[in-house]
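Have the sequence and the 3D view open side by side for this one. We will walk through the fold of one chain and then look at where it meets its partner.

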Amino acid sequence: MTTSAMTDKLDSTETFGQPAFDRLLEKRIDPTWLTAKRKEAWETYQSIDWPNPRDENWMRSDIRGLRLSNFAPNIDESVEIPEGTPVRLLEGVDVSASVRSVNGMVVSESLDEALGAQGVIVGSLSRCARDHSALVERYLHSLISPKSDRFAALQAAMWSDGYFIYVPRNVRVEKPIHLHAAMADGQVDLSHTLIVLESGAEATVLFESSSPDLDAKGLHCGGIELIQHGNSHLRFVNLQDWGKGTWHFAHQRASVGRDAQLQWTVAAMGAKFAQVDQRVELVEPGARSQVNGVLFTQDRQHLVYNTLQHHKAPHCISDFLYKSVLQDRSRTVWRGMIKVSEGAQKTDGYQRNDNLMLSDSARADSIPGLEINADDVRCTHGSTSGRVDEELIFYAQSRGFTRSEAIRMIVTGFFQQIFDRITIQSVREALGAAIARQVRQYE
Amino acid sequence: MSHILRIENLHVSVNDKPILRGVNLVIKFGETHALMGPNGSGKSTLGLAIAGHPNYQITQGSIMLDDANLTQMQADERSRAGVFMAFQRPVAIPGVKTADFLRHAATNVRRPDRKEGQDLIPMREFRKELKAKMEQLKIDPDFARRYVNDGFSGGEMKRAEILTMAMLSPKFAILDETDSGLDADAVRLASASIAEIGRDKMGLLIITHHDKLLEHNPPQFTHVMLGGRIVETGGAELARELHDQGYDRIRKSYPDAEAANQQMIGKEEPLAV
């Protein structure tokens, strides 16, 4: 196996080696199909290299500081939720179900009885893999291939637990479902999220991850799979607010069926380094997806988002808007791709990325792209990057705003276009408050 | 109430180029002053220097509001001390609703000691006040929900500035060509609004080329600026003379200032807001 300067110190044959994997298999109570899947993924993990820095998706990533030997997968039973772990998306929200995990292990699950009676399933993915074995087997890792990269392989082999949500045909879950992943300082979260909406089903899912303190270290290597059958409606909110010492690797996929609608809001404020590969596949005619991305970085945070909106069927709409605000020496990379498969005529694809830099040392890379293999489509893309305008600051100051109040207001205004698209008021408010908190005092 | 804005021997540079070369001006609360002068003479520069634009460096002299030395203050502190400038071309702040902006501004100006994060004027109370002011100024109520100056027409921007002035009720207001770019009806409306809100209720420094604005707001004092200095001061009749006859007499009477003015307009345009 070859290694590169980026990853030559990454490996750990101890904490993430064969003995650790064997121990994990021994400890778990998985159905046979799952054990087989894990073994297969483990084979992949052992046979492929870490991402190559010459790979387009990784060339703007820097994971030289990552040492797997500093972390160990959590195979023990669950622990208490670490004190002080913030929960941001619950304010003023009445939920229908809730699942909480610590270090990638589910510690509590609840679901309104009436929904359970209608066949709705919400709970620990490990438990559901046993209790609803056929269902989970059908969908788990159906969108994310363990061969995507070595992090995906590791996660597919060693995922600890996670969340499973299943909404049967024509069932509407009115109140939001809340998922919370907490991770203690120095711990590991190898969780997986699997959400399946049958035809005509509707749900709103608020998923947040956080650490007990701002500087908490950690390793998250996770996956999210959203499967939507015909005419289903899903609003999925994903707030990543890990401590600023956390490594975050994630593959996130959605598959949207005929006339189904997905509104996916991504807010990323935490982590030291994040590499997210987000793909929305529009697989049947009439599918619609809207993605709203809010990135807010500071210190030396480095967030990389590779997004793909893949039109596999005709008459689908995809609309991606990512906005980042960067402070200090932080860096964001957004690489967006609209891919239109052959025959996907009447595609309407839109992608946009706007970046606002609050310091001279921040850097935002924005790389939009199109790959179109059909001739009757409309695809538009664009991006802007710039410093916060001093004339705006002066204008607000001349009306009594302090400099930092002015900047906070300009930042809030910058994100407003995205907030206007988010149809869940509590989420708008929670994100607005989180953003306002994070704007530094500027002199 | 008695307040005095006192400007003494003010020298201001932009990018190290001198623009104002010793301006002296005293405005008392309740007075209306007109500031006139050919393009490039330094009128807007004086306004921006008083308001505290960071690119306008005060190299000599002072601006005092009563006992407070404004020259030592940031723009927000000056605003809270009671100085206001209606800009010629106010900037847009996308995503920020006019009502929210004004509520925060009014809170800070009315409670100069307010710390960041402390409560704003209660929403209900503020809305009521804003609505009343907008009715008084004949402004479409829809204005409050629009983003600050975003996509506003020239006339709408000017009216938004007047509304802001009404909400902040400063001690001293500088109106920088608040009548420019407006049609006759709009100028009449703006002039009447300024008279209603400002006259006797603050000290006004009106920068203008028009006579309409001054018809509604007859100045006790008219100052003529040329080459970065106030070269002549008179009453309302001086404003009329300049409006009717232009600046030829002034240019001839003050050749040094005229030479400085020519030199200044030969250089790059100063930054305008």
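The report below goes from the overall chain to its sheet, its helices and its contacts with the other chain.

## Ground rules

This is a predicted model, in which local features need pLDDT of at least 70 and side-chain atom pairs count only at pLDDT 80 or more, while totals for chains, interfaces and linings use all residues. Residues are numbered from 1 along each chain as its sequence is written, and chains are lettered from A and ligands numbered from 1 in the order in which they are written.

## Chain B as a whole

Chain B has 10 helices and 12 strands; these are DSSP runs numbered from the N terminus, with helices being H or I of at least four residues and strands E of at least two. Along the principal axes, its C-alpha atoms fill a box of roughly 60 × 40 × 35 Å. The radius of gyration of chain B is 18 Å, which agrees with the value near 19 Å that a compact globule of 273 residues would have. That radius is taken over C-alpha atoms, and the globule rule is 2.2 Å times the number of residues to the power 0.38.

Of the 273 residues of chain B, 47% count as buried. A residue is buried if 20 or more other C-beta atoms lie within 10 Å of its own, exposed if 12 or fewer, and partly exposed in between, with C-beta atoms placed from the backbone. Among contacts in chain B between residues at least 6 apart in sequence, 71% join residues at least 24 apart. Two residues are in contact if their C-beta atoms, placed from the backbone, lie within 7 Å.

## The six-stranded sheet

Chain B contains an open sheet of six strands with mixed pairing, in the order β6-β9-β10-β3-β11-β12. Strands pair here if DSSP finds at least two bridges between them. The edge strands, β6 (83-86) and β12 (229-234), each pair on one side only, and the twist averages 20 degrees from one strand to the next. Helix α5 of chain B packs on this sheet, touching β6 and β9 (172-176), and its direction makes about 165 degrees with that of β6(B). Such angles run from 0 to 180 degrees between N-to-C directions, and axes are lines fitted to C-alpha atoms, for helices over the stretch in contact.

Now zoom in on β3 (residues 32-36) of chain B, where five of its five residues are buried. B:T32, B:A34 and B:M36 lie on one side and B:H33 and B:L35 on the other. β3(B) pairs in the parallel sense with β10 (residues 203-207) of chain B over four bridges, and B:A34 has B:I206 as its bridge partner there. Four bridges also join β3(B) to β11 (residues 221-226) of chain B, again running parallel; B:H33 is the bridge partner of B:F221, and B:L35 stands opposite B:H223.

In β11(B), six of its six residues are buried. B:F221, B:H223 and B:M225 point one way, and B:T222, B:V224 and B:L226 the other way. Five bridges join β11(B) to β12(B), and these two strands run antiparallel. B:H223 stands opposite B:T233 in β12(B). Their hairpin has two residues between the strands, and B:G227 takes a positive phi near 60 degrees.

## Two packed helices

Helices α3 (residues 98-110) and α5 (residues 154-168) of chain B pack at an angle of about 35 degrees, with their axes 9 Å apart. The contact involves B:T98, B:L102, B:A105, B:A106 and B:V109 from α3(B), and B:A160, B:T164, B:M167 and B:L168 from α5(B). By class, these residues are seven nonpolar, two polar and no charged. Here Ala, Val, Leu, Ile, Met, Phe, Trp, Tyr, Cys and Pro count as nonpolar, Asp, Glu, Lys and Arg as charged, and the others, Gly among them, as polar.

## Where the chains meet

The buried residues are A:L392, A:I393, A:F394, A:Y395, A:A396 and A:Q397. Their cover includes α8 (403-419) of chain A together with α2 and β7 of chain B.
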